[in-house]
Amino acid sequence: METTLMAEVAFKQVQKSFGAVQVLKQIDLTVADGEFLVLVGPSGCGKSTLLRALAGLEGVTHGRILIDGRVVNDLPPKDRDIAMVFQNYALYPHMSVLENLTFALKLRDLKPDEIAARANQAATILGLQDLLGRYPRHLSGGQRQRVAMGRAIVRDPKVFLFDEPLSNLDAKLRVQMRAEIKALHQRLRATTVYVTHDQIEAMTMADRIVVLNAGAIEQIGAPLELYDDPDNLFVASFIGSPSMNLFAGRYELQNDGARVRIGDFSIQVPVVNAKDGQEVTVGVRPEHLVVAQTGGIPFNVDVVEPTGASTELFGTVAGQRCCVIVNGRLLVRPEQGIRLDAELENTLVFDTSTSRRLR
C-alpha cells in the first residue's frame, strides 16, 4: 500500500494555557513531508498536548497549526486528514477486527470494493489476515495495537499521529512493535508525529527528535546528534540510558590545556569558552569512561551489573553518582575502589548556573 498524500506540518508560535498555567510556550516547529518526528520528554512536558492540538482534540491559546500549508486551527478532527493511534488502542469491543478496520470507511460512504481493498492491504501489511473474524477480547496486546495501526492505515491520511502507543506492552513486545512501526513508516513514507516518554523509543525510531521540557523545546536534532552533542544539561541527562554522568566542579586553565577540579582531584577537559575558576559541570557518557591502570579518577563501586556483552558499574566519584559501561566481563566487587580515565574528545562542559553547553 503506497501513500500519495504526504504533508508538511507546521506549528507557528503555538501557545496553550489551562487557566493561569501555560503548558505550551511559543512552539515553532516544522515536520517535513514523510518525516518520522518524535516528541519526547518527561511527564507534564506538553508533548501529548501538542499532539492533541495537531489532531484537533485541543484548541490553542495562540498561534497557528498548518497541515499541507493550510491553517487547521478551526477545523474539526475529521476534516484534518489525520489518523491517530492511541495508547489504549480505542478499539470497538463489539466489532470484529475487519469491522474495526472498515467502520470509518463506511461512514465516509466509500464503495464496498474500495473498502474491501483498503482493509485487505492493511491486513496484509500488518499480518492480520488470519485475525479478521476475531474480536478485540480474543487478541493479545500486540495484535490489538496492530489493529489500531491498521485502522489508521486504511484511511490513507496525510499525517499519522501516535500517542505513546507502546506503553501498555511488555518489554519484549515493545521492541518488536518498535521495529514494526519503523518498517511501516519506511514502506508508507507518510508524515508521522510520535509521542513518547521513552527516550530509547525516540532514539531508535526517529528521523528527528524534539526534546520538550516544561512546555518549551530544549533541542531538535537527529538521534545521534542529540546523544553526542547536547545543547544543555537537560538534554544531556535525558537522552541516553544509562544517562550521562555529570560532575560539578571548577574550571581551571593550565599550561597544558584545561582541567576541572572535582573534590580532591581534577579531570582534563577540552578548552572551552569559560573563565578560570568558573563553576561548571562535566558530562561524560558511561561508555566513555575507561578503567585506568595508573592515575585517573577514584571511583567507589557500589553495584556491579553483568549483562553478558558488557558490565555496568554503579557508584560514586567524589560523592557524585557515576555509571561506567565496560565491554565484556570485568571482575570487580561491590565496595571495591578502582580508577577511571575519561576520553577527552567525548568529555563535555556545561555552565552550571545556566545549564548551557560551553563550547
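Student: Is K78 buried or exposed?

Tutor: K78 is exposed, with a relative accessible area of 66%. Exposed means over 50% relative accessible area, buried under 20%, and partly exposed in between (1.4 Å probe, protein chains only). One caution before we go on. This is a predicted model, where local features need pLDDT of at least 70, side-chain atom pairs count only at pLDDT 80 or more, and totals for chains, interfaces and linings use all residues. Residues are numbered from 1 along each chain as its sequence is written, and side-chain values use heavy atoms, leaving out hydrogens and water.

Student: Which residue meets K78 in a salt bridge?

Tutor: Start with the general idea. Side chains of opposite charge can pair when their charged atoms come close. The rule here asks for a side-chain nitrogen of Lys or Arg within 4 Å of a carboxyl oxygen of Asp or Glu. K78 meets D79 this way, at 3.4 Å from N to O. D79 counts as partly exposed, at 34% relative accessibility.

Student: How many salt bridges does the rule give?

Tutor: The count comes to 13. Take K16 and E58, whose closest N and O atoms are 3.8 Å apart. K16 lies in strand β1 and E58 in the loop between α1 and β4, so the pair ties together parts that are 42 residues apart in sequence. K16 is buried, at 11% relative accessible area. E58 is partly exposed, at 21%. Another salt bridge joins E252 and R261, at 3.7 Å from N to O. Shared partners also link D229, D231, R357 and R359 into one network of salt bridges.

Student: Where do I find parallel pairing?

Tutor: Look at strand β6 (residues 82–85) and β7, which run parallel and share four bridges. I82 stands opposite V159 in β7. On to β8 (residues 191–196): β7 pairs with this strand in the parallel sense over five bridges. There, T192 is the bridge partner of F160.

Student: Which residues of β7 point which way?

Tutor: V159, L161 and D163 point one way, F160 and F162 the other, and all are buried.

Student: What should I look for in a helix, and which residues of α2 are buried?

Tutor: An α-helix has 3.6 residues a turn, so residues three or four places apart point the same way. In helix α2 (residues 97–107), the buried residues are V97, N100, L101, T102 and L105. They pack against α3 (112–126) and α4 (141–153). Just after α2, D109 takes a positive phi of about 60°.

Notes
Helix = DSSP H or I, 4+ residues; strand = E, 2+ residues; numbered from the N terminus. Contact = heavy atoms within 4.5 Å. Pairing = 2+ DSSP bridges.
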